[in-house]
Amino acid sequence: MFETFYPQLIGLCTGALLLTSALMVWRHSLLASIRLLALQGVALAALVAVIGIAEGESELVLVSLLILSVKGIGLPWVLAHQSKASIKQIQESPRLNPTAALLAVTLLTILSYVVVSRVFGLGDTTTGHAAPIGLAMVLIGFLLLISRRRARSQLIGFLLLDNGIATIAFLTSGGVPILLEFAVSLDVLLVVLILHVFAGRMRTKFGGTAVDQLRELHD
Amino acid sequence: MAAVSAIIIALVQVVLFVFLAPLLIGVIRQVRATIEGRAGAGIWQPWRDVRKLLVKNPVRAADSSWMLRVGPVALMVSSLLLCVLLPLVGTIPFPSIPSDLFVIVSVMLIGVVALALVGLDGGTAFGGMGSSRHMTVAALVEPTLLLSVYALSIPAGTSTISAIVETRLFSPEVIISPVSVLALVALSIAIMAETGRLPVDNPGTHLELTMLHEAMTLEASGRDLVWLEVGSWLKLAALLGLVSNLIAPWGVVTDFSALGLLIGVVSIAVKVLVLGVLLSVGEIFLAKVRLFQVPELLAGSFALAFLAVTASYLVA
Amino acid sequence: MTGIGAGLLLQLGLGALAVVSALAGAPSLRSRAGGILCTLIAVTGFLTGLAALLGATGGLLIPIALPMDPLLLAPDRLGGLFMLIVSGVGILVSLYAMSSTRGPDASRTAWAAMPVFLVGMQLVPAATDSVSFLLAWEIMTLGSTVLLLADHASRATVASAGIWYSAMSQLSFFFILAGFAVLAAASNGTSFTNLQAIEPGSGPANVAFVLFLLGFGGKAELVPLHVWVPRVLPEAPSHVSAAMSGAMVKIGVYGGLLVCVRLLPDGPAWWAIAIMLVGGASALYGILQASVSSDLKVLLAYSTTENMGLVFLGLGASMLLRGYDATAAADAALVAALLLAVSHAAFKSTLFLGAGAIIHATGERNLDRLGGLGARMPVTASAFGIASLGAAAIPITSGFVAEWMLLQSLIHGGRLDGAVVSVAASVAMPLAVAVIALTAGLALLTFVKAYGIAFLARPRSVEAADAREVPPLMQLALALGALSVLALGLLPGPIAALVANTISSNPTVAVQSVGLGGVSLPGIGAVLDPIILVALSALVAIPVIVSIIVSARRHPHRTIDLPWGGGGSRARPRMQYTATSYAEPLVRVFDDVLKPSRDVQVTHVAESRYLVEHVRVEQRVSDVIETRLYRPVLNLFQRYGIVVRHVANGSIHRYLSYSFVALLIVLIVVSL
């Protein structure tokens with residue numbers, strides 16, 4: 001029973017990952033982006049769990065729980081930690097016109113598909129076929145990092161990038177060792193916390209975290 | 001035999017949807033009114049409107065041409081053809097014109113063009129404005145429409161919509177696949193834009209600056225207006241029927257029988273009405289977006305449709 | 001001598017006769033005699049082409065003294081198809097020109113150039129060696145240039161258009177010449193049979209392919225070589241624009257097919273991808289410019305770029321799919337590209353002739369000053385309307401069938417027996433579908449705008465209000481054009497089957513005719529029968545019409561009243577939407593691509609700045625490719641020209657000293 005649905009489930013999880021990434025580019029509001037990030041964390045955890053069950057590795061199921069707690073719950077909670085009323089009003093005014101950004105997302109997805117199939121070969125396994133989605137997430141993360149003005153929105157791009165790397169790792173090699181994943185997750189959490197504190201400080205001090213404006217601090 | 005049953009099913013579909021479409025609009029309006037705390041006009045009001053308009057004396061603008069007479073009929077015929085060709089009650093295709101994706105989209109475009117020309121024919125600023133916006137939206141919707149059905153067609157191996165519905169009926173795991181989910185979301189956005197629902201157009205408005213559909217029908221009246229209105233309702237009903245059959249293909253007739261036909265009729269009616277209620281409830285929470293944010297919405301739906309097609313090559 | 005040889009000879013003879021009669025004939029008879037002779041040339045070409053398309057062989061051998069293969073004019077099936085297209089347009093154009101030309105357009109030179117142009121176009125597809133191909137090509141270019149320049153004395157824009165046209169056609173010719181030269185050098189012969197011996201992936205073949213793409217792409221108005229189109233087609237007399245856009249551009253397509261299907265078939269994948277990229281870019285760019293244009297003839301000119309882009313997209317897709325052995329889809333894509341070319345010839349020449357009729361009646365080609373012509377010019381309006389439906393690919397016209405077939409082949413081409421054929425195909429096919437879909441959507445808007453603004457509602461100028469229907473012969477040409485659009489759309493099956501014969505040795509696998517006029521693609525499993533679609537529409541229309549009749553019994557006549565004026569009593573014609581305002585949302589949406597320049601001047605009343613006296617809005621959409629790509633290059637040349645003017649100042653002493661220095665250098669080099 002599980003065997004027959006295995007490709008469908010992998011497809012559903014990777015589809016959710018790709019969809020949330022595309023939606024993050026689409027939506028401007030920070031709150032929506034954070035919610036999407038949480039959803040993406042859940043999808044990533046589900047993906048790891050599915051792979052774990054299929055390959056019969058209980059370790060991976062543990063990792064999936066870890067991912068769920070850190071990426072699905074922890075990070076979004078930290079990011080959204082402010083009073084919801086203030087965060088709701090944060091609307092991103094991106095550098096890139098949103099229509100162009102969305103078209104760029106589709107082109108990046110194609111690019112990652114071509115690159116993966118040309119450089120590594122798609123392989124015969126379901127997971128191998130889904131691997132380009134991880135690369136697409138990395139590229140979309142970069143796109144977000146480049147096109148967003150606010151430090152906090154850029155942070156979301158960074159986290160998307162991290163999720164992408166994790167996806168590639170799980171899909172191609174059945175996962176990084178649990179210790180490494182644990183360490184990386186903690187690192188990311190730490191980075192986010194530090195950046196978050198910084199952003200908060202900067203906001204109270206200079207009234208905004210738009211990176212363009214911060215350039216003036218340099219002088 | 002297949003041809004005869006196809007004709008019977010087409011006939012049933014047309015008759016059913018001609019009765020169902022005004023009812024659907026009535027239900028949508030009534031649900032909205034109830035939720036907003038108004039009494040509402042009841043679900044039969046569209047029918048009463050149709051009867052009223054048919055007996056009224058039509059008025060036309062001084063310099064309008066034959067387009068005002070022919071355009072509404074063309075829209076109506078295009079919507080009726082949609083009801084004939086789409087797999088709504090049954091999936092038995094017509095010989096030599098199956099419910100092919102491009103044929104259906106083009107048949108729908110006949111109605112789009114007719115409506116836009118009627119809008120221009122009155123010779124007023126409003127008609128032109130509505131027509132221009134309507135065509136802009138239609139032009140930008142088309143890529144999403146074609147690509148989303150392209151994505152749906154890949155598991156079935158054909159672009160015939162009845163075959164796509166049958167594939168989904170016989171192997172339901174296709175329905176929850178990511179390709180299908182992405183494509184359906186994109187298709188739904190495209191259909192909302194195409195039929196002038198929120199958030200692209202506000203069907204309840206008469207405010208000049210916000211309307212698309214209403215602006216074009218401004219100069220039509222009496223029996224001309226009936227066809228414009230009923231044609232648009234039919235289009236909405238038929239497309240909702242298509243979406244509902246793609247989401248939940250159960251009940252659709254694949255082998256012809258009297259009982260099957262009855263089940264098909266009841267199930268499609270229920271599905272369309274349920275979808276209409278959901279649409280109405282959903283619209284409560286939506287505001288019309290600015291006209292120049294519509295392309296963004298459509299680009300988003302295009303991206304989803306495109307990802308669906310690409311993903312279908314990735315996952316399969 | 002075979003029938004085809006006789007037909008070709010007859011064309012040449014009639015052409016010579018027409019030139020003589022134009023040069024020597026009395027001015028009062030010139031248009032009539034020229035028109036009749038040109039029609040005869042085109043009819044002869046039509047019959048010859050039909051015979052060749054149906055498989056007749058034979059031709060005209062012209063021996064020459066030069067050390068080359070003899071000149072042989074012997075059209076094969078593909079050549080026959082293109083002769084048919086070109087001469088079909090020729091018939092319409094000649095009939096139309098007989099009564100439309102006046103003033104400089106009916107001059108001795110213009111009527112002498114017309115048969116030259118027609119014969120040149122009909123001979124290009126008949127050529128079977130590169131020398132006669134190039135000769136016929138030059139005859140065609142010469143004829144069209146002279147025709148274009150007929151009106152140069154009265155309008156400065158015509159002269160400028162002439163310069164652009166000559167420069168771009170010579171550039172095309174140079175590329176094609178170079179392409180043939182490379183192939184001929186590699187194969188030791190000039191006849192096409194010799195050239196076929198070259199391996200498609202080899203070095204010379206690759207070089208020749210690029211040269212041919214540039215040369216034929218320029219003629220077929222592909223981006224970025226299309227810059228002559230928006231200048232030349234609008235400025236030429238309308239029947240000449242119709243012939244150029246309907247027929248001459250197809251010769252560019254024929255050139256593309258000749259290279260990719262006949263001379264160097266089964267080229268490497270990058271050829272196909274290059275053609276698809278150029279085609280897709282042309283389609284999108286062309287229709288985008290067309291949709292925002294308010295000048296009727298500029299709109300039609302850009303739409304030609306769009307259609308040729310789609311044709312090349314189909315050709316590229318077919319080459320790509322053939323490389324992966326998806327033969328059925330590849331054949332269908334190629335047939336679709338050919339059908340698109342045929343249908344474009346029908347609807348675009350009708351549209352240009354319709355535009356000519358509008359200019360004839362109003363002297364105006366700016367859509368913003370037209371309107372209400374439907375009631376004043378019913379025949380023109382119907383013909384233009386039907387052709388517009390064709391251009392917008394609405395059923396039951398020819399354009400629809402072609403686009404349907406192209407989309408079918410693309411959707412089914414990416415997979416063979418359920419498996420992905422290749423990465424390139426799985427990326428290219430969805431992108432191509434998206435491009436075609438957006439193009440089709442924008443084309444719809446473009447032609448609703450063109451028809452709706454020009455023919456519906458109220459006249460926006462005095463000229464439009466005073467318009468009268470054009471003379472009967474012009475009406476006849478328009479009606480014939482519109483009928484051909486409908487016939488191609490209603491009977492696609494037999495036509496597609498004929499067309500499939502030209503490109504496939506086993507055509508019934510790709511395309512079959514079913515039912516009355518329906519077409520089926522057996523390899524893909526798709527069928528379409530437009531006649532049944534019409535019958536179905538008629539059936540469902542019956543109850544609608546019956547209820548109209550019942551309702552009309554009570555109120556047989558519509559009350560005529562003022563249109564709603566937003567609360568005011570009277571909505572003036574000036575308040576209507578114009579073509580510019582119709583495309584305004586689109587200009588905004590594609591702001592980043594079109595880069596429009598917008599200038600708004602508000603003049604306030606002297607007493608208060610809250611009151612506006614008048615507002616002046618000016619918006620101009622220029623061709624981005626011209627301003628960004630050609631201008632810098634042209635400026636560079638201009639600077640170079642100034643330098644050269646110093647070097648070559650006309651002094652005989654200086655030229656002699658240059659020769660002397662050159663001689664010295666040669667001697668020194670030889671002695672080394």
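**Figure 1. Chain A has nine helices and zero strands.** The model shown is predicted. From the N terminus on, the elements of chain A run α-α-α-α-α-α-α-α-α. Chain A has 219 residues, and 45% of them count as buried. Now take the contacts in chain A between residues at least 6 apart in sequence. Of these, 73% join residues at least 24 apart.

**Figure 2. Chain A touches chain B.** How many residues of each chain are in contact? The count is 23 residues of chain A and 18 residues of chain B. Three elements of chain A give two or more residues to the side that touches chain B. They are helix H1 (2–26), helix H5 (98–119) and helix H6 (126–147). H1(A) gives the most, with 10 residues. What kinds of residue make up this side of chain A? There are 15 nonpolar residues and eight polar ones, with no charged residues.

**Figure 3. Chain C is divided into two domains.** Domain 1 of chain C covers residues 269–513. Domain 2 of chain C covers residues 625–671. The C-alpha centres of these two domains of chain C lie 46 Å apart.

**Figure 4. Helices H3 and H13 of chain C run roughly parallel.** H3(C) spans residues 77–100, and H13(C) spans residues 327–362. Their axes come within 10 Å. The axes cross at roughly 10°. Angles under 35 degrees count as roughly parallel, so H3(C) is roughly parallel to H13(C). Which residues of the two helices meet? On the H3(C) side they are Leu81(C), Ile85(C), Gly88(C), Val89(C), Leu92(C), Val93(C), Tyr96(C) and Ser100(C). On the H13(C) side they are Leu338(C), Ala341(C), Val342(C), Ala345(C), Ser349(C), Leu353(C), Gly356(C) and His360(C). The residues of this contact divide into 11 nonpolar and five polar, and no charged residue takes part.

**Figure 5. Pro395(C) lies in a loop between two helices of chain C.** The helices on either side are H15 (378–391) and H16 (398–413). Is Pro395(C) buried or exposed? Pro395(C) has 25 other C-beta atoms within 10 Å. A residue with 20 or more counts as buried, so Pro395(C) is buried. Leave aside its neighbours within four places in sequence, and Pro395(C) is in contact with residues of chain B and of chain C. From chain B come Ser106(B) and Val107(B). From chain C come Phe400(C), Pro530(C) and Leu533(C). Thr39(C) is 356 residues from Pro395(C) along the chain. The C-alpha atoms of Thr39(C) and Pro395(C) are separated by 31 Å.

**Figure 6. Strand S6 of chain C pairs with S5(C) and with S7(C).** S5(C) covers residues 512–514, and three bridges join S5(C) to S6(C). The two strands run antiparallel. Ser513(C) has Val519(C) in S6(C) as its bridge partner. S5(C) and S6(C) form a hairpin with three residues between them. Gly515(C) in that turn has a positive phi of about 60°.

S7(C) covers residues 526–528 and pairs with S6(C) over three bridges, also in the antiparallel sense. Here Leu521(C) stands opposite Ala526(C). S6(C) and S7(C) form a hairpin too, with four residues between them. Gly525(C) in this turn has a positive phi of about 80°.

**Figure 7. Residues of S6(C) point two ways.** In a regular strand the side chains alternate between the two faces of the sheet. S6(C) spans residues 518–521. Gly518(C) and Ser520(C) point one way. Val519(C) and Leu521(C) point the other way. All four are buried.

Key:
Residues are numbered from 1 along each chain as its sequence is written. Chains are lettered from A and ligands numbered from 1 in the order in which they are written. This is a predicted model: local features need pLDDT of at least 70, side-chain atom pairs count only at pLDDT 80 or more; totals for chains, interfaces and linings use all residues. Two residues are in contact if their C-beta atoms, placed from the backbone, lie within 7 Å. Ala, Val, Leu, Ile, Met, Phe, Trp, Tyr, Cys and Pro count as nonpolar, Asp, Glu, Lys and Arg as charged, and the others, Gly among them, as polar. Domain bounds come from an automatic or database domain assignment. A residue is buried if 20 or more other C-beta atoms lie within 10 Å of its own, exposed if 12 or fewer, and partly exposed in between; C-beta atoms are placed from the backbone. Axes are lines fitted to C-alpha atoms, for helices over the stretch in contact, and angles run from 0 to 180 degrees between N-to-C directions. Angles under 35 degrees count as roughly parallel, over 145 as roughly antiparallel, 65 to 115 as roughly perpendicular and the rest as oblique. Two strands pair if DSSP finds at least two bridges between them.
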